[in-house]
Amino acid sequence: MIRIFIAEDQRMLLSALGSLLGMEEDMEVIGQAVNGREALEAILKLKPDVCLMDIEMPVLSGLDVAGELAKKNALTKVIILTTFARPGYFERAVKSGVHGYLLKDGEIRELADAIRKCMAGKRVFSPELMFDAIREENPLTEREQQILRLAALGKTTKAITEELYLSSGTVRNYISDIIHKLGANNRTEAASIAEEKGWI
């Protein structure tokens with residue numbers, strides 16, 4: 001029996017996915033969550049075989065949760081379900097070691113098949129998402145993404161320097177480079193552009 005956990009902030013979709021997958025003879029839904037923090041805590045406790053994870057969730061995003069699970073060497077296989085065909089999201093998902101990255105508008109039969117393939121050790125990605133990822137690569141380095149994520153949260157240069165143990169001059173240089181790369185006028189606009197493209 002494949003033990004499944006579902007993390008999705010749209011309660012109606014969460015309920016529908018749980019009911020439909022529960023009808024599969026070889027699958028059992030053992031838990032659900034509507035935000036990333038709940039999902040992470042429950043997955044570490046319940047240790048499901050597979051977690052279906054929405055990207056856009058409150059508190060922690062699906063990609064944040066996938067990254068945390070990878071750091072902790074959790075054995076749960078993560079399949080990202082998304083309505084967003086954004087190249088940066090796909091790139092981050094692959095780096096987080098997810099086993100699947102699928103669009104939400106697929107059929108439940110396709111999703112069940114993808115879960116079985118992941119359990120057999122394969123990785124399953126929607127072709128549409130892969131083509132979008134090839135089209136536009138993230139121009140920001142990992143450090144620049146890290147700094148811009150903190151700036152997007154409204155953190156000051158001083159707060160960023162303290163969190164990342166960098167000098168204020170170094171952080172200012174990074175932010176200047178980020179703004180230049182993204183063709184933005186300031187850090188707020190840069191964060192907005194990067195979020196829209198899924199680069200942070």
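This is a predicted model: local features need pLDDT of at least 70, side-chain atom pairs count only at pLDDT 80 or more; totals for chains, interfaces and linings use all residues.
Local features need pLDDT of at least 70 and side-chain atom pairs count only at pLDDT 80 or more, whereas totals for chains, interfaces and linings use all residues. Residues are numbered from 1 along each chain as its sequence is written, and side-chain values use heavy atoms, with hydrogens and water left out.

The largest pocket has a volume of about 1,100 Å³. A pocket is here an open set of points on a 1 Å grid over the protein atoms alone, where a 1.4 Å probe fits, with protein on both sides within 12 Å along at least five of seven lines; lining residues have an atom within 4 Å of a point. The volume is the space filled by probe spheres set on the points, which are joined across faces, edges and corners. Of the 31 lining residues, Ser61, Asp64, Arg92, Arg149 and Ile200 are the closest to the centre of the largest pocket. The lining comprises 13 nonpolar, 5 polar and 13 charged residues.

The second largest pocket, with a volume of about 410 Å³, is lined by 22 residues. Leu103, Gly106, Glu107, Glu110 and Leu111 lie nearest its centre. Helix H5 gives the most to this lining, with 6 residues; helices (H or I, at least four residues) and strands (E, at least two) are DSSP runs, numbered from the N terminus.

The whole structure holds 10 salt bridges, each defined as a side-chain nitrogen of Lys or Arg within 4 Å of a carboxyl oxygen of Asp or Glu. One of them joins Lys104 and Glu8 (2.9 Å, N to O). This pair links distant parts of the chain, 96 residues apart: Lys104 is in the loop between E5 and H5, and Glu8 in the loop between strand E1 (2-7) and H1. Lys104 counts as partly exposed at 22% relative accessibility, while Glu8 counts as buried at 2% (buried, under 20% relative accessible area; exposed, over 50%; partly exposed, in between; 1.4 Å probe, protein chains only). A salt bridge is also formed by the side chains of Arg109 and Glu107 (3.0 Å, N to O). Salt bridges that share partners join Glu24, Asp26, Asp113 and Arg116 into one network.

Lys77, in strand E4 (residues 77-82), is buried yet has no salt bridge. The nearest side chain of opposite charge, Asp49, is 8.5 Å away (Lys and Arg count as positive, Asp and Glu as negative; His and the chain ends are not counted).

Methods:
Ala, Val, Leu, Ile, Met, Phe, Trp, Tyr, Cys and Pro count as nonpolar, Asp, Glu, Lys and Arg as charged, and the others, Gly among them, as polar.
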